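Have the viewer open as you read.

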Amino acid sequence: PALAKMAPDQPAPTSQFLPILDAADARAKTRQLLDAGADNIKIFFAERMSAEERSAIITEAHARGRKVAAHGQSDNEVRLGLAIGVDVFQHIGIDSAEYPPDIVASLRQRVKTGPPVYWTPTVGANNLLNGAYTASKPEILDDPEAYLGLPGPLVAEVKQGWDAYQPRQPRADTEAIVKRKIAQLQDAGVVLVFGSDEGSAGELARHATWMDADLWVRVLGMDPMTVLRRMTLDAARAMGADRDSGAIVSGKYADIIAVGGDPLRHINVLRDPKLVIKHGRGYK
């Protein structure tokens with residue numbers, strides 16, 4: 001669930017967003033989501049909110065032991081998030097060639113004093129490291145694997161969205177910027193966790209997870225075992241769900257996949273799991 005500050009002329013948000021009017025409304029909407037059982041709260045369009053509105057959301061969530069996520073697609077979004085104690089940042093922005101000194105210093109201080117800073121970079125999303133691939137593959141729209149298990153009306157909606165979207169080549173310096181910022185985050189002690197942002201530009205339905213994992217290994221040069229841990233236990237910790245999920249141990253849900261190969265050698269074998277067990281129930 002996300003709380004968003006909407007522009008006056010912006011269309012009404014979909015059901016996954018709750019628009020806020022002021023600090024009191026932000027506090028009330030946060031309580032509404034938490035009372036409904038939300039495990040995490042996300043702030044959307046943070047730059048449109050007042051300091052009081054942002055603080056109201058995070059204060060209510062933290063008082064109930066819930067984490068708060070926010071976008072980190074621009075340097076200013078990162079500054080605002082750090083100022084109020086956001087737990088998880090999402091996405092990497094290329095508005096600057098690297099994080100400026102004040103952000104790096106704030107990250108180091110936060111890591112030093114706690115709580116931990118988690119970051120889900122989604123490096124394949126929004127035309128970052130998957131932009132060149134999607135721009136050169138118009139047949140993606142007709143790939144039947146992208147629609148397995150989806151009802152007809154949803155397939156039609158997805159294809160309509162692709163028709164309206166024009167993939168474009170990323171900037172020539174995109175890869176270098178992403179690598180530099182990832183290195184800065186790691187050096188500052190930020191915990192990188194995995195997420196795909198499936199459905200956004202460059203993150204194809206059904207393929208988003210393995211494609212992003214492949215980018216972490218092949219482009220960012222990360223150790224495959226580290227990537228697998230970021231996809232499982234570390235991601236569960238970032239979501240506050242590690243008591244029940246994230247590892248194959250007694251007392252946790254039996255969420256297991258098996259692949260036909262060695263992901264430590266070829267991580268793209270995650271593309272085609274041969275066995276899928278969720279909460280102890282076999283799906284494949």
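This is a predicted model: local features need pLDDT of at least 70, side-chain atom pairs count only at pLDDT 80 or more; totals for chains, interfaces and linings use all residues.

## Helix α4: one side in, one side out

In α4, the buried residues are Ile-103, Val-104, Leu-107 and Arg-110. Around the axis they take up an arc of only 130°, which means they sit on the same side of α4.

α4 runs over residues 101-113, and its 13 residues at 1.5 Å a residue should span 18 Å; the end C-alpha atoms are 18 Å apart, so the two agree. After α4 comes Gly-114, with a positive phi near 80°.

## Aromatic pairs

How many aromatic pairs does the count come to? Four. Take Phe-194 and Trp-216: their ring centres are 5.5 Å apart and their planes stand at 55°, so this pair is tilted. The tilted label applies because the angle falls between the 30 degree limit for stacked and the 60 degree limit for edge-to-face.

Phe-194 sits in the loop between β7 (191-192) and α8 (208-218), while Trp-216 belongs to helix α8, so the pair ties together parts 22 residues apart in sequence. Are these two buried or exposed? Both Phe-194 and Trp-216 are buried.

Elsewhere, ring pairs join Phe-89, Tyr-99 and Trp-119 into a cluster.

## Charges over rings

Tyr-99, a member of that cluster, also has a charged neighbour: Lys-181 lies over its face, 4.6 Å from the ring centre. Another case of a charge over a ring is Arg-48, which lies over the face of Phe-45 at 4.0 Å from the ring centre.

## A three-stranded sheet

Now for some strands. Three of them form an open sheet in the order β8-β9-β10, and the pairing is antiparallel. The edges are β8 (256-259) and β10 (281-282), each of which pairs on one side only.

Between β8 and β9 (residues 273-278), the antiparallel pairing runs over four bridges.

Note on methods
Residues are numbered from 1 along each chain as its sequence is written. Side-chain values use heavy atoms; hydrogens and water are left out. Two strands pair if DSSP finds at least two bridges between them. Helices (H or I, at least four residues) and strands (E, at least two) are DSSP runs, numbered from the N terminus. The expected span of a helix is 1.5 Å times one less than its number of residues. Buried means under 20% relative accessible area, exposed over 50%, partly exposed in between (1.4 Å probe, protein chains only). The arc is that of the directions from the helix axis to the C-beta atoms. Rings of Phe, Tyr and Trp (its six-membered ring) pair if their centres lie within 6.5 Å; planes under 30 degrees apart count as stacked, over 60 as edge-to-face and the rest as tilted. A charge sits over a ring if NZ of Lys or CZ of Arg is within 6 Å of the ring centre and within 35 degrees of the ring normal.
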